[in-house]
Amino acid sequence: MPVSPKAPKSSPQRASALSVSSLEAVLAVATTGSMSAAAQRLACSQSSVSQLVSQAESILGCALFDRARRPFRTTVEGSELTRQATRILRELSALPQLVA
């Protein structure tokens, strides 16, 4: 599902609908540069990764990757989400130590 880079930005309520799986998929694609390599890294299908990335783009209202280039490159918005996703996932992984 192509998303226009000029689509309106999402509201904070919609952005909170992003799943951890979507963040992991976006981060894996940004790191590996491809949907198939991201799928291998996440031990799931390429179709699942593509759907998770598309879902994130739909929720956020912007394209996260330039799909015209190989390997995929993040857009400005995709780079920002990648930075934030890295921080969020790091904090989530630290939660068990905080409550133990």
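This is a short tour of the structure, stop by stop, with something to select at each one.

**Before you click**

You're looking at a predicted model, where local features need pLDDT of at least 70, side-chain atom pairs count only at pLDDT 80 or more, and totals for chains, interfaces and linings use all residues. Residues are numbered from 1 along each chain as its sequence is written, and side-chain values use heavy atoms, with hydrogens and water left out.

**Stop 1: the whole chain**

The protein has five helices and two strands, and from the N terminus on they run α-α-α-α-β-β-α. Helices (H or I, at least four residues) and strands (E, at least two) are DSSP runs, numbered from the N terminus. Of the 100 residues, 32% are buried; buried means under 20% relative accessible area, exposed over 50%, and partly exposed in between (1.4 Å probe, protein chains only).

**Stop 2: H2 against H5**

Select residues 20–32 (helix H2) and 76–99 (helix H5). Two packed helices are described by the angle between their axes and the distance between the axes. How do H2 and H5 cross? Their axes come within 9 Å, at roughly 125 degrees. (Axes are lines fitted to C-alpha atoms, for helices over the stretch in contact, and angles run from 0 to 180 degrees between N-to-C directions.) H2 and H5 are therefore oblique to each other: angles under 35 degrees count as roughly parallel, over 145 as roughly antiparallel, 65 to 115 as roughly perpendicular, and the rest as oblique.

Now show the side chains. On H2, the residues making the contact include Val20, Leu23 and Leu27, and on H5 they include Leu81, Ala85 and Leu92. Contact means heavy atoms within 4.5 Å.

**Stop 3: H2 against H3**

H2 and H3 pack at an angle of about 120 degrees, with their axes 8 Å apart. That makes H2 oblique to H3 as well. Among the residues in this contact are Ala25 and Ala28 of H2, and Met35 and Ala38 of H3.

**Stop 4**

Click serine 22, in helix H2. Is serine 22 buried or exposed? Its relative accessibility is 1%, so serine 22 counts as buried. Its side chain makes a polar contact with the side chain of glutamine 55, at 3.0 Å. (A polar contact is a pair of N or O atoms within 3.5 Å; within protein, one must be able to donate a hydrogen and the other to accept it, and residues adjacent in sequence count only if both atoms are side-chain atoms.) Not counting residues up to four places away in sequence, serine 22 touches Leu52, Gln55 and Ala56.

Follow that last one to alanine 56, in helix H4 (residues 46–60). At 1% relative accessibility, alanine 56 counts as buried too. Leaving aside neighbours within four places in sequence, alanine 56 is in contact with Leu18, Ser22, Val26 and Leu64.

**Stop 4**

Most residues other than glycine have a negative phi, and most peptide bonds are trans.

Finally, pick proline 71, in the loop between strand E1 (65–66) and strand E2 (73–74). The peptide bond from arginine 70 to proline 71 is cis, with omega near -5 degrees.
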